[in-house]
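Subject: Structure for you to look at

Hello,

I am passing on a structure that you have not worked with before.

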Amino acid sequence: MIALSLAEIASAVGGQTYDIPDESVRVTGPVVIDSRKVEPGSLFAAFVGERVDGHDYAREVVDKGAAAVLASRPVGVPAIVVDDVQSALGALARHVVARLGATLVALTGSAGKTSTKDLIAQVLRRSAPTVFTPGSFNNEIGLPLTALSAEDGTRFLVLEMGARGKGHIRYLTELTPPRVGVVLNVGTAHIGEFGGREQIAEAKGELVEALPADGTAILNADDPLVRAMTARTRAKVLLFGEAADADVRAENVRLTENGQPAFSLHTPTGCSEVTLRLYGEHHVSNALAAAAVAHDLGMSVEEIALALSEAGTLSRWRMEVTERPDGVTIVNDAYNANPESMRAALRALAAMGKGRRTWAVLGQMAELGDESLAEHDAVGRLAVRLNVSKLVAVGGREASWLQLGAYNEGSWGEESVHVSDAQAAVDLLRSELRPGDVVLVKASRSVGLESVAQALLEGFGIGGDAR
C-alpha cells in the first residue's frame, strides 16, 4: 500500500484511534485479514467470522510488527476503531485509489473473468507497473484488498468484479471507480440466485453505467445481451469478438495440434498474428477482451500480439495442463464450473485429445436453480457428442444427471460411469489410464475435484496414502 499515517487512515475511514502513542506512524506494509500474513508495518483488519474472531489476534499481530489493527472495538494495542470493518476497508480503498491516480480497469462476466483478468494484467504490465486481482479475489473484501496492494508507481489497476445479486457491482465500482469497464458475457452462472439471464445482464451492466464520460466500455459483440449494454453507458464503446463490426476482432481462428488457439488479431491500428499458450478456443474471446483494453490504453497491435502470445496461466486450477512421465496428460480446470465453462472445457479436451483416449472427470455445477437438471443433462450429452472416450461423473444427485445425459446420448452405454466421490474416481482412473490418455477434471469449487488431479499427478491417494 502507499504509505499512510495512522491519523490519515483514521480520517479516511471515519474511525477513532485507541492506544496509539504517535498517530504520525505510517502503515508501510500490506493490509491483511490473515494474521499469518502480517509483515512489519502492516495494517491488520480484524474480521469476525463464523469460527474465528480476528480481534483475538490483535496482540499477536502487533508483536509481529503490525502498525495497528482496524477493529470494531478497542483491543488493548494500537487500533483504529470503526463501526463496521468491511465498510471501513472499502472506504480506505476508495481513499487510496483517489490518491494513487492509476487507471482502473474493471471486468465482469459469467465465465472467464479470472483468465481474462490474468491476460489483461500480463499485457499491460509490459507497458507499465500493473497490480491485479490475485486469483478470483473479486468480492466486497477481496477487491479492496487488491486495490490497497497498489504502490506509488502503479499505473494500471486491474480488478475483477463478481456479483451474486443486483447492486453488488454498483457497490464495488463505488469503492474503486473504473475508467475502463469490460463485460465478457452473460451466461447461466448463479442463475438460481438471479432468476434469469436478463436479470444477470441487468446486474453485470452496472459496471458500464458506472463509467465516466471519458471512460471506455469494452463489450462482447458476440453476446447480444452484452452488446445491448451500449445503451446503458455514457462512455465510449469498443466492441470485441468475431463479429464483422467488432472494433477488435479475431479472424482465421484455428487450433494447433495441441489445442492452443491461433488467430489474426485486428484492431483499428492494424493486424498481427497471435498463438496463445492457453488451451481451448474459448480463450480467443478472453484474449480479444484483453487486446481491446490494451488498444484503448495506447499499446500497438504488435505489442499486444506479442504479449498475448507469451502470456500464461497465473491462477491455479484453470486449464492447468501437466504431462506425467508416462505420457498421461492431466488438465486441471477444477477451480469452478458453470454450463458455459463446462462446454468450453469439453471442447478443449476434444481438441487436445485427437487420436488419444480422453476422460472427462466432472462434478456438480452449483447455483443453477430450476435449470440444474437440464444443464447437467446437456453437459453429459455434449461429452458424448464430442466423442469424449469416457465421462466419469463424481458425486451425488447432480453428478448422476451428468451421467444420465451421457448414457441417453450414447450408443453402447459404456461412454459414462457414475462414482460416489473423488477417491472412487482416483481408484477408477488409476486402474484404467493408459499412456497417452488425456484427463480433464472440472466441477464447481465446492466439490473439491482438484484433489483428483493432484492425486493423479502425485501418485498418492487423496488422504496422502501411497499407492
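V32 counts as buried because its relative accessibility is 8%; buried means under 20% relative accessible area, exposed over 50% and partly exposed in between, with a 1.4 Å probe and protein chains only. The model is predicted, so local features need pLDDT of at least 70 and side-chain atom pairs count only at pLDDT 80 or more, while totals for chains, interfaces and linings use all residues. Residues are numbered from 1 along each chain as its sequence is written, and side-chain values use heavy atoms, with hydrogens and water left out.

V32 sits in strand β4 (residues 31-32). Helices (H or I, at least four residues) and strands (E, at least two) are DSSP runs, numbered from the N terminus. Leaving aside neighbours within four places in sequence, V32 is in contact (heavy atoms within 4.5 Å) with K37, V38, L43, F44 and A45. Its C-alpha atom is 9.8 Å from that of A66, which lies 34 residues apart from V32 along the chain.

Elsewhere, six strands form an open sheet with mixed pairing, in the order β17-β18-β22-β19-β20-β21. Strands pair if DSSP finds at least two bridges between them. β17 (320-323) and β21 (416-419) are the edge strands, each pairing on one side only. From one strand to the next, the twist averages 15°.

Four bridges join β17 to β18 (residues 329-332) in the antiparallel sense, and T322 stands opposite I330 in β18.

Regards

Terms used. Axes are lines fitted to C-alpha atoms, for helices over the stretch in contact, and angles run from 0 to 180 degrees between N-to-C directions.
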